[in-house]
Amino acid sequence: MILFLDSLAQQARNPIIFADVPDMSMIRVGDTYYMSSTTMHMSPGVPIMKSKDLVNWTLVNYVYDRLGDQDELNLSNQKNAYGHGSWASSLRFHEGQYYVSTFSSNTGKTHIYRTADIERGTWVSTEFSPMMHDHSLFFDQGKIYMIWGSGRIHIAELSPDFSGIKAGTERVLLDDASLPAKPKEGKVGLPAEGSQMFKINGFYYLFNISWPAGGMRTVIVHRASQLEGPYEGKVVLQDQGVAQGGLIEMPDGKWYAYLFQDYGAVGRIPFLVPVTWEDGWPVLGIGGKVPATLNLPANKSLMPGIVNSDDFNRKPGDEALPLVWQWNHNPDNNLWSVTARPGFLRMHTGDRTDDFLSAKNTLTQRTVGPTCSAAIAIEVSNMKDGDFAGLSLLQKNYGLVGVRMEGNAKSLVMINATTGVPQEVAKVGLKQQRIYLKASCDFTNKRDLAQFFYSTDGRNWNRIGNDLKMSYTIPHFMGYRFGLFNYAAKAAGGYVDFDYFHLTAN
């Protein structure tokens, strides 16, 4: 038994990442794997992650600091980009250059970024219309292509400078890519999308996801001996809703499919599925099923590679935030600092609002499963009347605990927006100027419950408010995130100092 348990401990387990890392695109260069993902309305955007074993990943870069400067992306003039921003990216390596392409309904464009150094380099940006939905960037025989669409899949050749589509090259590649997964009555809830194209041993393989009505998320592959087709298609995986992604080959010749699963409030979580080949077709899973364990190195903690604590201690001249942090929409960089008071994150208030979801400069990190909690220390002596600052769990149906100043009095307040309408469910008078706040999440078996706490000494915790029943909503299209916030309902100019953000995860 001891030997058996030890062997299991040395294996990787699905999900590979128990956190919101959807719409993955993956490449291998030598013995190193790189992966891009979707972070939508967050800034910076399109994270790049690195791994040596396919299992354990570390954030190494972002593709852009700001996608654009529209009101929606800036969270200005009562506009927002929740659930939009940039969507599924395509990551490629070709002739010494790394390419990442994505698209956005906010800009109405397709965006292509390229660099010679994916980990530390800056990116050259090109953009053009139209916006190509869930596209796949593809290099083949000296030409550059895009494959994109929903249900009906299109293909077009791009100009060599990535400035747009070559005139007269756009055509329909597949008239109905959903067809292999359609039930007898022919109804589809989600038409085939999420295209990723691969060329393997002279054949072209196009991966898509579809969602048959009354069924589950399904992986469809189409195959052809020529890029132009004709293509034949089949369902290659239909288990646990694990779908959307593509193929990756290891240096030893083993193949895996990288896919993800909708897992309630924590978000869309990555899985690896072993692949074998039969008659030139990829066969996904073990007996058609997604295995719980894999013959790969064991999963390590997501800390510090994907999420991490932060004491805000910086060396002189270092004003950067670690890559684990992302702002909710484009930040106003004049309103925050890690150098104004060494060892603290200072956050000033900016535009007035009484709505948390409209507040600029909420600084976020992913929540992780199955359970996690975050604790902060905040100093509030420089708040102004109408200011509100603290710790949140960000989604449309959010929850938060924070310090609100009304006149000259401060209170601890817990807000619960489980119903979609924020409600103040607890209020406790506050005299001291340093307070400790905590949020704990339980995503076990999609329990999706969170609780909030406060402490006067950082050791003894008191529950405040009621349970937040977390729910993944399409308007935000993202798993819950911890957030540090400070906003003004009456007048700008106040500020708070965050001493630390301490994260624990199991």
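**View 1. Residues 310-502 are 0% helix and 49% strand, with end C-alpha atoms 6 Å apart.** Helices (H or I, at least four residues) and strands (E, at least two) are DSSP runs, numbered from the N terminus. UniProt lists this stretch, in an unreviewed entry, as "domain: Beta-xylosidase C-terminal Concanavalin A-like". UniProt positions follow the numbering used here, feature names are shortened, and annotations may be inferred rather than shown by experiment. The model is predicted: local features need pLDDT of at least 70, side-chain atom pairs count only at pLDDT 80 or more, and totals for chains, interfaces and linings use all residues. Residues are numbered from 1 along each chain as its sequence is written, and side-chain values use heavy atoms, leaving out hydrogens and water.

**View 2. Asparagine 462 sits in strand β35 (residues 462-469).** Asparagine 462 counts as partly exposed because its relative accessibility is 34%. (Buried means under 20% relative accessible area, exposed over 50%, partly exposed in between, with a 1.4 Å probe and protein chains only.) Asparagine 462 touches Phe452, Phe453 and Tyr454, not counting residues up to four places away in sequence. Contact here means heavy atoms within 4.5 Å. Lysine 438 is 24 residues from asparagine 462 along the chain, and their C-alpha atoms are separated by 9.6 Å.

**View 3. The largest cavity holds about 70 Å³ of space.** The structure has 5 cavities of 30 Å³ or more. On a 1 Å grid over the protein atoms alone, a cavity is a set of points where a 1.4 Å probe fits but cannot get out; a pocket is an open set with protein on both sides within 12 Å along at least five of seven lines; lining residues have an atom within 4 Å of a point. Grid points are joined across faces, edges and corners, and a volume is the space filled by probe spheres set on the points. Residues lining the largest cavity include Asp23, Ser89, His135 and Gln244. Strand β15 (residues 188-200) gives the largest share of this lining, 3 residues. The lining divides into 2 nonpolar, 6 polar and 2 charged residues. (Ala, Val, Leu, Ile, Met, Phe, Trp, Tyr, Cys and Pro count as nonpolar, Asp, Glu, Lys and Arg as charged, and the others, Gly among them, as polar.)

**View 4. Serine 89, a residue of the cavity lining, lies in the loop between α2 (71-74) and β7 (90-94).** Serine 89 counts as buried because its relative accessibility is 4%. Its side chain makes a polar contact with the side chain of serine 36, at 2.8 Å. (A polar contact is a pair of N or O atoms within 3.5 Å; within protein, one must be able to donate a hydrogen and the other to accept it, and residues adjacent in sequence count only if both atoms are side-chain atoms.) Not counting residues up to four places away in sequence, serine 89 touches residues including Asp23, Thr38 and Val100.

**View 5. Glutamine 244, another residue of the cavity lining, lies in strand β19.** With a relative accessible area of 10%, glutamine 244 is buried. Its side chain makes a polar contact with the side chain of aspartate 23, at 3.2 Å. Leaving aside neighbours within four places in sequence, its contacts include Asp134, Gly194 and Tyr258.

**View 6. The largest pocket has a volume of about 480 Å³.** It is lined by 16 residues; the closest to its centre are Ile27, Arg92, Phe93, Phe198 and Lys199. β2 (25-29), β7, β11 (136-140), β15 and β19 (243-249) each supply at least two lining residues. The largest share, 4 residues, comes from β15. The pocket lining divides into 11 nonpolar, 1 polar and 4 charged residues.
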